[in-house]
Amino acid sequence: MNNQLKVLGTKHIGKITFTGIEGGFGPGKKAILAKDTARIHNQPVGEINRRINNNRKWFKDGVDIIDLKSVMAQNHNEIGFTQNAWNRANNIYLLSERGYAKLLKILDDDKAWEIYDELVDNYFNMRVAVKENKPAIVNQERLAIMKDNSATRKANILYKIAMHTKSDSSKEMLLAKAASLITGEMTIPVMEKKTYTATDIANECGIKAQAVGKIANRLGLKAEQPGQNKYGRWANSKSQYSDKEVPQWLYFEEGREAIKKELEE
């Protein structure tokens, strides 16, 4: 640990009561016990530990989290553990502000962010920043974390909706939107299907490629760019007139059959 723990006693932030701890992550840095976060979020401490352990690779030792069980001796009544409780516990986690923010992303509920506001404003770095006349820096960081978590929640909702829709095209666009919320880029899942160019279909039907495109447009076969549906998908293709890549609509079997059926009728 960067420095020794200092127990600040029982802290009250609004209706929240917990053990205030300083140190472990650096001089003057506030920390919070996982068992206190469990009580604050109305969850068993075993559930909080399980969520942490299942996502342990995202928590950096000494920066986000410290397992006190591995670095401290026994008999720690000052932080609220009896000898029996200490002996029974597999892990006794201490979280920094950054570690607690990561836990919130895992818990992912509105209650979590309400609590985070209270703790940051009145317990973690905000108080130190105000003392140093730098409140804007911490406030910007908190807003960035909240914005990131909000995007994740929206992406999760879109994913759940996509998994329950029967329309392939709707499912693919919902998944693409979910991906864009997380990555900032429109990522379209590409179907592993045989594709046909307009020229392929034109040669098969004895018409011009332009005629295939006009039929596709009239029937509304093409998805919005970038995207795909059951009739085909958009892809980047090198222009025959220059080195520039241009979007090209590629047809799946369903699109090919739709064009042929239209011609027959």
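A residue counts as buried when its relative accessible area is under 20%. By that cut-off, 37% of the 265 residues of the protein chain are buried. The model is a predicted one. Its protein chain holds 12 helices and eight strands. The accessible surface of the chain comes to about 15,600 Å². Carbon and sulfur atoms account for 49% of that surface. Contacts between residues at least 6 apart in sequence were also examined. Of these, 52% join residues at least 24 apart.

Helix α10 is taken up next. Its buried residues are Ala198, Ile201 and Ala202. They cover an arc of only 100° around the axis, so they sit on the same side of α10. An α-helix has 3.6 residues a turn, so residues three or four places apart point the same way. The buried residues of α10 pack against α11, β8 and α12. After α10 comes Gly206, with a positive phi near 75°.

Ile201 is part of helix α10. Its relative accessibility is 0%, and therefore Ile201 counts as buried. Neighbours within four places in sequence are left aside here. Beyond them, Ile201 is in contact with Tyr196, Val212, Tyr251, Arg256 and Ile259. Tyr251 is 50 residues from Ile201 in sequence. In space, the C-alpha atoms of Ile201 and Tyr251 are 8.8 Å apart.

Ala258 is placed in helix α12. At 17% relative accessibility, Ala258 counts as buried, because the cut-off is under 20%. With neighbours within four places in sequence left aside, Ala258 is in contact with Leu219, Leu221 and Tyr231. Leu221 and Ala258 are 37 residues apart along the chain. Their C-alpha atoms are separated by 8.5 Å.

The pockets were then considered. Rolling a probe the size of a water molecule over the atoms shows where empty space is left. The largest pocket has a volume of about 280 Å³. Its lining includes Thr197, Ala198, Thr199, Ala209, Gln210 and Gly213. Also among the lining residues are Lys222, Trp234, Pro247, Gln248, Trp249 and Tyr251. At least two lining residues come from each of α10, α11 and β8. Strand β8 gives the largest share, four residues. By class, six lining residues are nonpolar, five are polar and one is charged.

Ala198 lines the largest pocket and is one of the buried residues of α10.

Two other sites complete the account. Most residues other than glycine have a negative phi, and most peptide bonds are trans. Asn42 is not a glycine, yet its phi is positive, near 55°. Asn42 is found in the loop between α1 (34–40) and α2 (45–54). Its relative accessibility is 68%, so Asn42 counts as exposed. The cut-off for an exposed residue is over 50%.

Lys177 lies in helix α9, which spans residues 168–183. At 43% relative accessibility, Lys177 counts as partly exposed. Tyr159 is 18 residues from Lys177 along the chain. The C-alpha atoms of Lys177 and Tyr159 are separated by 9.0 Å.

Technical notes
Residues numbered from 1 in each chain as written. Predicted model: local features only at pLDDT ≥ 70, side-chain atom pairs only at ≥ 80, totals over all residues. Heavy atoms only, no water. 1 Å grid on protein atoms, 1.4 Å probe; cavity = no way out; pocket = protein on both sides within 12 Å on 5 of 7 lines; lining within 4 Å. Points joined across faces, edges and corners; volume = space filled by probe spheres on them. Nonpolar A, V, L, I, M, F, W, Y, C, P; charged D, E, K, R; others polar. Buried < 20%, exposed > 50% of the residue type's maximum accessible area, 1.4 Å probe, protein only. Contact = heavy atoms within 4.5 Å. Areas by Shrake-Rupley, 256 points an atom, 1.4 Å probe, with all protein chains shown as cover. Arc of directions from axis to C-beta.
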